[in-house]
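Hello,

Here is the structure I promised to pass on. My notes follow below it.

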Amino acid sequence: MSFILMTETERGFDRGDFVDCHGASCSIQKSSVATEDMIWLGRNEYEGHLGDGPACCRMHLDRERAEALIVLLRRFVETGELTP
């Protein structure tokens with residue numbers, strides 16, 4: 001059973017929605033940036049934040065930053081730790 005529901009945005013970008021361990025609505029979404037491959041990742045809303053749009057609550061990651069996070073996430077999945 002997958003915890004991530006994959007859909008497509010109105011503009012045709014891949015998006016996965018899920019709920020974190022605190023019940024917050026989160027997502028991973030392909031960015032519309034045309035100059036390089038990027039994604040949005042994080043909470044969809046942040047209570048008390050005054051910003052507008054997805055940048056107020058989600059990380060905007062290029063492939064290099066996503067790869068660095070994958071290393072840490074893989075280590076956490078395998079060992080329960082972030083450092084070796």
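**Strands and hairpins**

Strand 2 and strand 3 (residues 25-30) run antiparallel and are joined by five bridges. Two strands count as paired if DSSP finds at least two bridges between them. Gly 16 stands opposite Ile 28 in strand 3. The two strands form a hairpin with five residues between them, and Gly 23 in the turn has a positive phi of about 85°.

Strand 2 (residues 14-19) also pairs with strand 1 (residues 5-8), again in the antiparallel sense, over four bridges. Here Leu 5 stands opposite Asp 17 in strand 2. This hairpin has five residues between the strands, and Gly 12 takes a positive phi near 90°.

**Basis**

This is a predicted model: local features need pLDDT of at least 70, side-chain atom pairs count only at pLDDT 80 or more, and totals for chains, interfaces and linings use all residues. Residues are numbered from 1 along each chain as its sequence is written, and side-chain values use heavy atoms, with hydrogens and water left out.

**Whole chain**

Of the 84 residues, 19% are buried. Buried means under 20% relative accessible area, exposed over 50%, and partly exposed in between (1.4 Å probe, protein chains only). Among contacts (heavy atoms within 4.5 Å) with a separation of 6 or more, 11% are between residues 24 or more positions apart.

**Nonpolar patch**

Met 59, Leu 69, Leu 72, Leu 73, Phe 76, Val 77 and Leu 82 make a nonpolar surface patch of about 660 Å². Patch residues have over 30% relative accessible area and no salt bridge; nonpolar side chains (Val, Leu, Ile, Met, Phe, Trp, Tyr) are joined within 5 Å, like charges within 9 Å. A salt bridge is a side-chain nitrogen of Lys or Arg within 4 Å of a carboxyl oxygen of Asp or Glu. Areas come from the Shrake-Rupley method with a 1.4 Å probe; for residues, only the protein chains shown count as cover.

Helix 1 (residues 63-79) gives the most to the patch, with five residues. Leu 72 lies in helix 1 and is partly exposed, at 34% relative accessible area.

**Cysteines**

How many disulfides are there? The count is zero, with a disulfide taken as two cysteine sulfur atoms within 2.5 Å. The sulfur of Cys 21 is 9.4 Å from the closest cysteine sulfur, in Cys 26, so it is too far for a bond. Cys 21 is exposed at 86% relative accessible area, whereas Cys 26 is buried at 5%.

Best wishes
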